[in-house]
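Please examine the sequence and the structure below.

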Amino acid sequence: MLKAYKYRIYPNKEQKVQIAKTFGCCRFVYNQTLAYRKEAYEKEKKSVSRIDCNNYCNRILKQTYTWLREIDKFALTNAIYNMDFAYRKFFKEHAGYPKFKSKHDHHKSYTTNFTNGNIAADFENGKIKLPKLKEVKAKLHRVFEGQIKSATVLQVPNGKYYVSILVETNHCEISHTDKKIGMDLGIKDLCITSDGKKYENPKTIRKYEKKLAKLQRKLAHKEKRSKNYYKQKKKIALCHEKIRNTRKDDLHKVSHGMISENQVIVSENLQIKNMVKNHYLAKAISDVSWYELTKQLEYKAVWNGRQYIKIDTFYASSQMCSDCGHQNVDTKDLSVREWICPACGAYHDRDINAAKNILAEGLRQIA
Ligand SMILES: [Zn+2]
């Protein structure tokens, strides 16, 4: 199975220059071969293949523009192949005619291929080896095993650099289990499962959120469009990113744990869940986490042969006794955290009972 692993990289000055050159040369080669192809078609009604374009690059362009030889050859070939893809798409799907790439295009990236160990990740020392760049400092927060296929270096509009490494992983499925859980997505806790586990919302996020609020208050006092205003804006953007990344990392731990331990996982569908009114800020925060968590569970379930079910119908999961099915309207009051079923005498924790009902409903739907 092919999997992509994306890491932040921190190129030094020289490496930044080489990366910028590669972006520029890829764009140049893309445009030159597109023009070559266009001309061949318009003047001679000749159709030109991507191999022809690549030969044109090697035999003509690299002789004329010798600086192209300093650039990783796979990056140039891939730029040509991208052009070819856009070109064929135009004919096949009557999509727009491929555009020449502009210098001002914000989408800066190039892809290089693996050969003879030219791409490698050094997890111990936080470095990635890339063609023409040698070792680049990287934040390798996730380990992978398997054969590297290619690497895409990209720079996003805020100036940061990333590398996305495509790996053929010999992914081994986690062993089968018979455990099934339902989960109730919460505000105070991220979620509560039918087996009584509570997953907290990460505390680190609270800390950053306080910081964020402070930064935003400061921004309000800055003169608009002044130098300090933009400085403050940048700080805010960085803080947002920190929150996003921290949240993602935390949720990966949660989803990994759930997937490893359970064969079947049931939750409510978020659109249904969102019908419940809550305090604005708290809700906005959990929305993001819930969305991310369910997304992760979805693809990790596929990878690992698990079943993840979302209940689609609105379902009064917290009002029903999970033991006998009795509807207890007293629990409509959200402050009731624990209750005893008047019909069968079972003791319930509000959220765990809800999670149990969600599990039962999910199992009923797949039965
Ligand atoms: Zn009962």
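C324 is partly exposed, having a relative accessible area of 40%, and C344 is likewise partly exposed, at 39%. Here buried means under 20% relative accessible area, exposed means over 50%, and partly exposed lies in between, as computed with a 1.4 Å probe on protein chains only. The model is a predicted one, in which local features need pLDDT of at least 70 and side-chain atom pairs count only at pLDDT 80 or more, while totals for chains, interfaces and linings use all residues. Residues are numbered from 1 along each chain as its sequence is written, and side-chain values use heavy atoms, with hydrogens and water left out.

Both cysteines belong to a metal site. The zinc ion is coordinated by the SG atoms of C321, C324, C341 and C344, at 2.2 to 2.4 Å. Donors are N, O and S atoms within 2.8 Å of the metal (3.2 Å for Na, K and Ca); water is not among the atoms, so sites may look incomplete. The four donor atoms subtend angles of 107 to 112 degrees around the zinc ion, and the arrangement is therefore tetrahedral; for four donors this term requires all angles to lie between 85 and 135 degrees. Along the sequence, the donor residues follow the spacing C-x2-C-x16-C-x2-C. C324 lies in the loop between β12 (307-311) and β13 (338-340), and C344 in the loop between β13 and β14 (347-349), so the pair ties together parts that are 20 residues apart in sequence. Helices (H or I, at least four residues) and strands (E, at least two) are DSSP runs, numbered from the N terminus.

Helix α4 comprises residues 203-220. Its buried residues are I205, Y208, E209, L212, L215 and L219. They cover an arc of only 125 degrees around the axis, which puts them on the same side of α4; the arc is that of the directions from the helix axis to the C-beta atoms. An α-helix has 3.6 residues a turn, so residues three or four places apart point the same way. The face of α4 turned away from the buried side carries the exposed residues K203, K207, K210, K214 and R217.

How many residues of strand β11 (residues 264-268) are buried? Five of its five residues are. V264, V266 and E268 lie on one side of β11, and I265 and S267 on the other. In a regular strand the side chains alternate between the two faces of the sheet. β11 pairs with β12 in the parallel sense over five bridges, and two strands pair if DSSP finds at least two bridges between them.

Technical notes:
Tetrahedral: all angles 85-135°; square planar, octahedral: opposite > 155°, others 65-115°. Expected span 1.5 Å × (residues − 1).
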